[in-house]
Amino acid sequence: MTDPALLPATALAGLFARRALSPIEALDAVLARIAARNPRLNAIVALDEAGARAAAAASTARWQAGTPLSPLDGVPLTVKDNIPVAGLPCSWGSPLFRDWVPERDELPVARGRAAGLVILGKTNVPEFTSQGYTDNTLFGPTRNPWDPALTPGGSSGGAVAAVASGMGPLALGTDGGGSIRRPCSHAGLVGLKPSPGRVPRCDGLPAILLDLEQVGPIARTTADLVALLGLLAAPDPRDPASAGLPPFALPARAKRQRILFVPRFGANPVDPEIATATAIAAARLASLGHRVEEGDAPFTPEELAALFGPVGQSGLAWLLAERGGEPAAPALREMAAAGRALTPRAVFGALHGIAGFRRRMAAFFGAWDLILTPAAAALPWPAEEVAPPAIDGQSVGPRGHAVFTNFANLAGLPGIALPCDPSAGGLPIGFQLVGPAGSDARLCALAAEWEAAWPWAARWPPG
């Protein structure tokens with residue numbers, strides 16, 4: 001048999017159902033993989049081996065009795081370290097939360113636990129999940145399985161490094177400005193930033209990005225992502241945004257879509273290999289029968305920055321005022337200072353602008369079904385560096401690599417990252433598809449169609 005640690009979640013569950021493999025045996029394989037890979041990659045920062053073994057034993061008994069709690073009962077899952085798990089540290093990558101151990105699971109974790117998933121532990125994040133790489137003063141940098149000298153991106157860097165290296169087939173991440181989609185593109189995975197409310201939230205950390213940040217699934221295959229999302233997506237009255245969404249159910253087949261292909265945002269540079277791979281992906285989607293036309297984005301990067309900046313800055317400043325103390329990262333100290341300097345007019349002006357942007361984007365999707373862009377503007381860079389200083393020979397700021405993703409968060413839209421052709425050096429490259437609010441199932445159906453035509457799950461990092 002193939003090493004169970006290398007099998008997709010749905011394949012593991014199929015073996016459990018046939019009693020060809022037990023959750024205990026699957027966990028043993030994953031723990032062996034963690035012991036071998038995590039010291040170098042630093043993806044998992046709090047491993048709950050005892051809790052995982054107890055959960056796997058209980059799941060094994062349920063499968064033997066024919067009473068699994070869900071189709072994914074017994075499958076290992078990691079959880080990003082800004083999503084509370086009862087009894088495990090939730091440091092948020094910051095010394096200010098170093099000793100915090102929550103007593104309750106955040107709702108997506110509670111649903112995973114109720115479905116029998118085996119929670120392995122917590123994955124590394126940048127401080128307050130507010131940067132596009134993964135490093136902090138508590139645990140140090142997380143490294144990309146495809147090249148450990150490089151970053152897997154952020155802020156879900158630990159989550160993607162774990163899944164890409166076989167340290168658990170599923171992960172829960174968060175995406176407040178691209179923090180699932182960009183790391184997935186750097187690690188060769190599929191990841192969904194859901195519509196607000198699609199994965200209901202409560203009992204979590206303070207929402208310093210408001211509803212711009214969502215919990216979403218990260219996986220090696222679309223089928224795995226869909227299976228996990230199906231367990232998390234039921235409405236909950238404690239998250240009012242979940243009440244108005246259509247039920248999550250994939251259509252029988254992906255319908256023909258009108259796709260606007262936006263290869264770059266304004267004058268922002270894009271790595272040539274990413275640009276080429278994304279253009280090939282657009283052409284391939286057209287070959288599947290979708291109408292794909294190249295054009296400009298219905299917004300400007302400057303407009304997005306003016307809306308996004310005040311939310312993150314004021315949110316962090318508020319958190320620090322409530323908690324006390326200062327961030328360890330210099331860039332976050334600057335961000336907090338900027339937030340303290342904001343006037344109420346500036347903050348509410350940004351919120352008013354976001355509401356208008358959401359209405360505008362809703363109207364845009366009357367003429368188009370989806371937007372296609374690169375998921376990231378740069379290939380992975382050195383793991384200890386916050387961001388690449390230049391892209392395609394052009395100097396960029398600390399968010400130059402991240403220009404493509406935050407429009408979906410600001411507009412309250414779902415977005416999915418999918419692998420396409422890798423770079424000449426073998427590094428993964430991903431593109432993203434963004435649809436109207438509530439179109440999560442449509443994105444997943446198109447992802448399944450894409451994967452069936454150009455599969456990626458057999459690609460593994462070297463070593």
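Predicted model: local features only at pLDDT ≥ 70, side-chain atom pairs only at ≥ 80, totals over all residues.
Numbering starts at 1 along each chain as its sequence is written, and side-chain values use heavy atoms, without hydrogens or water. Local features need pLDDT of at least 70 and side-chain atom pairs 80 or more, while totals for chains, interfaces and linings use all residues.

**Exercise 1.** Find the residues that line the largest cavity.

*Solution.* Start with the count: there is 1 cavity of 30 Å³ or more (on a 1 Å grid over protein atoms alone, points where a 1.4 Å probe fits but cannot get out). Its space is about 40 Å³, as filled by probe spheres on points joined across faces, edges and corners.

**Exercise 2.** Work out which helix gives the most to the lining of the largest pocket.

*Solution.* This pocket (an open set with protein on both sides within 12 Å along at least five of seven lines) has a volume of about 810 Å³. Of its 33 lining residues, Ser 130, Phe 308, Gly 309, Arg 399 and Asn 406 are closest to the centre. Helices H9 (301-323) and H10 (330-341) each give two or more residues (DSSP runs of H or I, at least four residues, numbered from the N terminus). By class, the lining has 16 nonpolar, 12 polar and 5 charged residues.

Methods. 1 Å grid on protein atoms, 1.4 Å probe; cavity = no way out; pocket = protein on both sides within 12 Å on 5 of 7 lines; lining within 4 Å. Nonpolar A, V, L, I, M, F, W, Y, C, P; charged D, E, K, R; others polar.
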